[in-house]
Amino acid sequence: MARDPYEVLGVSRSASASEIKKAYRKLAKKYHPDTSKEPKAQERFSEATAAYDLLTDTEQREKFDRGEIDADGNPKFTGFEGFHPGGGTHEGPGGMRWSYTSSGGPGGMGGMHGIDPDDILSEIFGMGGAGGGRAGFGGMGGGAGTRSRARPGVRGEDVVLAVTIDLAEAAKGTTRRVRVPSGKEINAKIPAGIEDGKQIRLRGQGHPGQFGGPDGDLLVTVKIKPDPLFKVEGHDLRHTLPVALYEAVLGATIRVPTLDGAVELKIPANSSGGRTLRLKGKGLPKAGHKDGHSHGDLLVTLRIVLPEKPDPDLEKLMEEWRAQAPYDPRS
């Protein structure tokens, strides 16, 4: 004999429909035989589904609460005499009696009218149903029956992994060998201009599907290693350029590193430390852009560097400058 359905689902007798659904959803996810590794998963799953079927049928639940049917949905024998329109009792051999109503079969066991558990399973597992191959609990009006459903395919789970590339590889594009759940290694193509933290989806390279369902995908998260020369800011790159005091004062042309090799940059005269100059199109490529703005820029920030050793002539010049042409850079 089946256990009390309230006990099976772990809910009180006053539980609402939403509480019953929530409890069943939790148990179905835990014990579904296609995915669970719990002991007696099939038995626990079937028990939970039968309990859910009974408690979500308002008429059946009321009959169970009144003690007219048991946890299996079967009518309980009664000792009441008499016959009433639409119902009564029947006496069989040996004086055994059972009750009946006109709603269809012993104890009024018409059919199930609750929310179909497969609708819940489809929410949990996707693909239009879980395909658990569960036994049905309907068809109880004229005797025990089963409900037959085609088992829909279950999509395989996605697999997430990470790879690390350097900045030059992010700019040019590259490939990485990755291992998929089947054990084989494949090349993951990383497009030029990919941003740090972005994912590449390799369809069908995840865990295999079940019952004819599609395989999951492989999601490759790309990490870009910090670069000693450039700081990434979206598709722009930033580079700090050390310059001598006289280069900042008088101006100069200095070779500056880029991802494509060094280029010459003109430093305007009287440039202060912290000034930023822009080299257009020398940043990272923008994936998918075909117009003239397909690359970010290289932003070069000047940093004035004094000689390592004290210079008496420089100190004398600065003393004269302070005396003859003082100024306040913080004003």
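This is a predicted model: local features need pLDDT of at least 70, side-chain atom pairs count only at pLDDT 80 or more; totals for chains, interfaces and linings use all residues.

Student: What makes the rings of Tyr24 and Tyr52 a stacked pair?

Tutor: Rings of Phe, Tyr and Trp (its six-membered ring) pair if their centres lie within 6.5 Å; planes under 30 degrees apart count as stacked, over 60 as edge-to-face and the rest as tilted. The centres of Tyr24 and Tyr52 are 4.5 Å apart and the planes are at 20°, so the pair is stacked. Tyr24 belongs to helix α2 (residues 17-31) and Tyr52 to helix α3 (residues 41-55), 28 residues apart.

Student: Why is Tyr24 called buried?

Tutor: Buried means under 20% relative accessible area, exposed over 50%, and partly exposed in between (1.4 Å probe, protein chains only). Tyr24 has 0%, so the residue is buried. Tyr52 is also at 0% and therefore counts as buried.

Student: Why is the pair of Trp321 and Tyr327 called tilted?

Tutor: The ring centres of Trp321 and Tyr327 are 6.4 Å apart and their planes are at 40°, so this pair is tilted. Trp321, at 39% relative accessibility, counts as partly exposed, whereas Tyr327, at 63%, counts as exposed.

Student: How do you know that Asp217 forms a salt bridge with Arg201?

Tutor: A salt bridge is a side-chain nitrogen of Lys or Arg within 4 Å of a carboxyl oxygen of Asp or Glu. For Asp217 and Arg201 the closest N and O atoms are 2.9 Å apart. Asp217 lies in the loop between β7 (199-202) and β8 (218-224) and Arg201 in strand β7, so the pair ties together parts 16 residues apart in sequence. With 4% relative accessible area Asp217 is buried, while Arg201 at 41% is partly exposed.

Student: Which residues are linked with them in a network of salt bridges?

Tutor: The network links Arg155, Asp158, Arg201, Arg203 and Asp217. Within this group, Arg155 and Asp158 have their closest N and O atoms 3.0 Å apart.

Student: Why is Asp313 called exposed?

Tutor: Its relative accessible area is 62%, so Asp313 is exposed. Asp313 is placed in helix α8 (residues 312-324).

Methods: Residues are numbered from 1 along each chain as its sequence is written. Side-chain values use heavy atoms; hydrogens and water are left out. Helices (H or I, at least four residues) and strands (E, at least two) are DSSP runs, numbered from the N terminus.
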